[in-house]
Amino acid sequence: MCTRMKSDTSLETILKAISNKKRLEIFNYITNEKFLIKTDLITHFDLQRAGLDFHLSALEEAGLIGLSEIKIKGRKYVFVYPKATWRIDLDDVETNSLQDFLPSELVEKDFPQLTERFWIDSSVIKNPQTIKKILESLVIKLGSDSSDYYCQRCKSVPGIMKCSECLKLYCTECAEIIKKTDDAKIALCYDCIADQFS
């Protein structure tokens, strides 16, 4: 059995963490969802907070999940994400170092820069679906009811990608990441793309 997580994580700790049926269900759900809020787990599994904390502590101690507390609009949220997958062996997943990548506090004015960090600057998280899930979870907690956070083109879903030209937020259906010839990446909305080719 191979573990490329914390070197001090013992096989016994990992086996103890996944030996509980409910804990394994929780871990599988976290692995599938990639990034969610602790209160979502309480609701989904119909658990008391103390019971969930007990299971999450065991999974975190085994190095299988990560917990990151982020203060948004003065309220603290605990986000949960996978750090490894459970199979015959344990391999790191791209969200393994997410805690180092996320801010400890997020305010509205910082969100556009955070989108750039994920889409343009990240060499850690490369899967667009994972980036989308993380940013959508954060923007919902920031207050997606505000029109400032909706896609400036379709206006129907939260904007999670900042256009490098017009500097507005767009959804992934109305903008895309473009790789330049020097391998640098930029995000452009379809309106700015059309302007460049007209």
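**View 1. S137, a buried serine in helix α7.** At 13% relative accessibility, S137 counts as buried (buried means under 20% relative accessible area, with a 1.4 Å probe and protein chains only). You will find S137 in helix α7, residues 128–143 (helices are DSSP runs of H or I with at least four residues, strands are runs of E with at least two, and both are numbered from the N terminus). Leaving out residues up to four places away in sequence, S137 touches F35 and F79 (contact means heavy atoms within 4.5 Å). S137 and L36 lie 101 residues apart in sequence, yet 6.9 Å apart in space, C-alpha to C-alpha.

A word on the model: it is predicted, so local features need pLDDT of at least 70 and side-chain atom pairs count only at pLDDT 80 or more, while totals for chains, interfaces and linings use all residues. Residues are numbered from 1 along each chain as its sequence is written, and side-chain values use heavy atoms, leaving out hydrogens and water.

**View 2. The buried face of helix α3.** In α3 (residues 38–45), the buried residues are K38, L41, I42 and F45. Seen down the helix axis, they fall within an arc of 100°, so they line one face of α3 (the arc is that of the directions from the axis to the C-beta atoms). Their cover includes α2 (21–33), β1 (36–37), α4 (49–61) and β3 (75–82). Just after α3, D46 takes a positive phi of about 50°.

**View 3. L138 and its neighbours.** Among the residues that L138 touches are F35, I70, F79 and F111, not counting residues up to four places away in sequence.

Definitions and conventions: Buried < 20%, exposed > 50% of the residue type's maximum accessible area, 1.4 Å probe, protein only.
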